[in-house]
Amino acid sequence: MAEDLVLAEGSKEEQYEVLIPQIKGLLDGEPDLVANLANVVAALKEQFGWFWVGFYLVKNDELVLGPFQGPVACTRIRFGKGVCGSSWEQQKTLIVPDVEKFPGHIACSSLSRSEIVVPVMRDGKVVAVLDVDSSALNEFDVVDAKFLEEIVEEIAF
Ligand code: SME
């Protein structure tokens, strides 16, 4: 049984520093992928209150919607399309301060204003992406990139 998340206050760094050991605790000893992805998105959503937090999983030649928290979203994204498909293609984290200025951005909700997408790499290949949307402009920066990359490293795919 998981215990309640201890929510942190303070700077973004301080919040991640308190959250990450708890996420490691949630993942520890649990091999089920869906359970782990579900708890990671729930923990991030609970701590930061972002508009949408979720995973897309690489299945054949598409990204397919996985566990998420937030409003219903697009289910399939092609390689190279949108921020998620671009992160998959470029194999790197993409920070989008204003989604309206990202050519090809896929608007699952008009309320999403900024976004970060972190690829999950295993054996040199992207197996999934973590997508986080905010209803505020300029929400994400290199601090989020660093800690979210650390979090996805912890998940056993
Ligand atoms: N905006 C994303 C699509 C996924 S939704 O934001 C949940 C994109 O452009 O890839």
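**Before you start**

The model is predicted, so local features need pLDDT of at least 70 and side-chain atom pairs count only at pLDDT 80 or more, while totals for chains, interfaces and linings use all residues. Residues are numbered from 1 along each chain as its sequence is written, and side-chain values use heavy atoms, with hydrogens and water left out.

**Stop 1**

Side chains of opposite charge can pair when their charged atoms come close. A salt bridge here means a side-chain nitrogen of Lys or Arg within 4 Å of a carboxyl oxygen of Asp or Glu. How many salt bridges does a search of the whole structure find? The search finds eight.

Select Asp141 and Lys12, whose side chains form a salt bridge with an N to O distance of 3.2 Å. Asp141 is in the loop between strand 6 and helix 4, Lys12 is in helix 1, and the two are 129 residues apart. Helices (H or I, at least four residues) and strands (E, at least two) are DSSP runs, numbered from the N terminus.

Now check the surface. Buried means under 20% relative accessible area, exposed means over 50%, and partly exposed is in between (1.4 Å probe, protein chains only). Asp141 is partly exposed at 31%, and Lys12 is partly exposed at 21%.

**Stop 2: a salt-bridge network**

Select Glu62 and Arg76. Their closest N and O atoms are 2.9 Å apart, in a salt bridge. Arg76 lies in strand 3 (residues 76-78) and Glu62 in strand 2, so this pair ties together parts that are 14 residues apart in sequence. Is Glu62 buried or exposed? Glu62 is buried, at 16% relative accessibility, and Arg76 is exposed, at 53%.

Arg78 is in strand 3, 16 residues from Glu62 in strand 2.

**Stop 3: a negative patch**

Helix 1 (residues 12-27) supplies three of the residues, the largest share. Glu17 is in helix 1.

**Stop 4: a buried contact**

Select Asp144, in helix 4 (residues 142-153). Asp144 counts as buried because its relative accessibility is 0%. Which side chain does Asp144 join in a polar contact? The partner is Tyr16, at 2.7 Å. A polar contact is a pair of N or O atoms within 3.5 Å; within protein, one must be able to donate a hydrogen and the other to accept it, and residues adjacent in sequence count only if both atoms are side-chain atoms.

**Stop 5: two loops and a strand**

Select Asn60, in the loop between strand 1 (52-59) and strand 2 (62-69). Its phi is positive, near 55°, and Asn60 is not a glycine. Asn60 is exposed, at 76%.

Move to Asp123, in the loop between strand 5 (114-122) and strand 6 (125-134). Asp123 has a positive phi of about 50°, although it is not a glycine, and is exposed at 85%.

End at Val118 in strand 5. Val118 is buried, at 1%.
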